[in-house]
Amino acid sequence: MDVSIALISYNTRALLVACLRSIDETSADIAYEVLVVDNASSDGSAEAVRAAFPRASVIANAVNVGYASACNQAAAEARGRHVLFLNSDTVMKPGTLRAMVACLDAHPDVGAVSCLQRDEQGRALQSCFPFPSIRDHVVHADALPRWIRDLAGPVPTMNATRSQDVDWANGACLMLRREVFEQVGGMDERFFMYFEDVDLCRRLHRCGYRVRHIADVEIVHLLGKSSERARRQLNVQWELSRIRYVEKHFTQPWGLLMKGWIAGGVMRKLLLAGCSHASERRQEIRAMWTTLRRVWCGHDETGPGTMTPAGLRG
């Protein structure tokens with residue numbers, strides 16, 4: 001079998017069914033299987049997949065185990081030579097799966113491959129990036145004076161419409177050799193959601209593998225459609241994962257500097273929250289307090305039962 005396609009879902013039934021249908025309609029030239037891991041949806045996602053796509057394997061979790069953990073669940077059941085991690089808010093296009101499989105088959109030193117992503121209007125989305133650095137945080141910090149941001153110099157960018165080797169690629173559509181995925185230890189489940197793709201690509205590089213972006217094939221990414229709910233919780237989870245990434249991959253004193261930088265940004269948001277509408281103020285302050293505790297205490301207040309539902313990754 002060429003590839004096992006792993007989709008992680010939480011309350012995205014309509015998007016998930018549309019995504020699976022697009023795979024069915026465009027990928028007859030590839031031997032594949034579909035594995036859906038549902039993170040305790042309440043909208044009947046798992047039942048809908050079983051009814052409409054009986055050949056798909058469905059793992060229905062009783063609780064939300066997080067995005068990275070769900071990916072590992074799917075990979076453990078995979079039988080394909082390669083594993084594709086695919087967002088439920090995507091639409092597969094003809095030839096994309098075949099080209100991604102061919103890239104991995106032709107280049108043994110490529111551990112992972114991504115493709116071009118477009119939005120509903122056909123605009124190319126930025127889906128490959130340099131690894132996070134202190135400089136790009138400075139350049140994009142609106143709170144700093146312009147002259148300080150200018151001193152940091154331009155942030156390296158990657159043209160997503162050009163095929164190239166990249167530092168890391170967006171996990172909305174990322175295919176890996178299954179044996180390589182196992183070699184690097186799979187997804188780090190400490191990343192409940194966000195930054196698990198950055199971390200995975202960094203570990204691939206450290207093991208000597210390239211991450212390749214091919215721009216001559218594409219998917220449609222309905223950006224944000226699977227994550228338009230619970231935006232405040234998503235922002236908190238992004239910050240928590242960013243802190244975890246800094247702790248794991250930034251050496252001292254840069255790691256401490258970055259955590260201080262994050263804490264400063266949170267303090268600024270706390271001050272702004274004091275000026276927000278009374279109905280939103282308490283939630284904003286609680287969200288920022290959660291992040292501050294994680295920065296300095298290394299403690300996550302959120303757990304599997306209360307954290308933002310994984311699968312909302314748009």
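In helix H8 of this predicted model, the buried residues are Glu196, Asp197, Val198, Asp199, Leu200, Cys201, Arg202, Arg203 and Leu204. Nine of the eleven residues of H8 (residues 196–206) are thus buried, so the helix is largely enclosed by the rest of the structure. Gly208, with a positive phi near 90°, follows H8.

**Nonpolar cores**

- The largest nonpolar core has 46 residues, and Phe85, Leu176 and Leu204 touch the most other members.
- Helix H3 (residues 67–77) gives the most to this core, contributing six residues.
- Beyond its neighbours within four places in sequence, Leu176 is in contact with Leu200 and Leu204, and also with His82, Val83, Phe85, Leu104, Gly111, Ala112 and Phe181.
- Another core, of 34 residues, lies apart from the largest one and includes Val17, Cys19, Cys103 and Cys115.

**Packing of H1 and H2**

- Helix H1 (residues 13–26) and helix H2 (residues 45–52) have axes that come within 9 Å and cross at roughly 25°.
- Angles under 35 degrees count as roughly parallel, and H1 and H2 are therefore roughly parallel to each other.
- The crossing in which H1 passes H2 is right-handed.
- On the H1 side the contact is made by Arg13, Leu16, Val17 and Leu20, and on the H2 side by Ser45, Ala48 and Val49.
- By class, the residues of this contact of H1 with H2 are five nonpolar, one polar and one charged.

Conventions: Residues are numbered from 1 along each chain as its sequence is written. This is a predicted model: local features need pLDDT of at least 70, side-chain atom pairs count only at pLDDT 80 or more; totals for chains, interfaces and linings use all residues. Side-chain values use heavy atoms; hydrogens and water are left out. Axes are lines fitted to C-alpha atoms, for helices over the stretch in contact, and angles run from 0 to 180 degrees between N-to-C directions. Helices (H or I, at least four residues) and strands (E, at least two) are DSSP runs, numbered from the N terminus. Angles under 35 degrees count as roughly parallel, over 145 as roughly antiparallel, 65 to 115 as roughly perpendicular and the rest as oblique. A crossing is left-handed if the near helix is turned anticlockwise from the far one by less than a right angle, and right-handed if clockwise. Contact means heavy atoms within 4.5 Å. Ala, Val, Leu, Ile, Met, Phe, Trp, Tyr, Cys and Pro count as nonpolar, Asp, Glu, Lys and Arg as charged, and the others, Gly among them, as polar. A nonpolar core is a set of buried Ala, Val, Leu, Ile, Met, Phe, Trp, Tyr and Cys residues joined through side-chain atoms within 4.5 Å. Buried means under 20% relative accessible area, exposed over 50%, partly exposed in between (1.4 Å probe, protein chains only).
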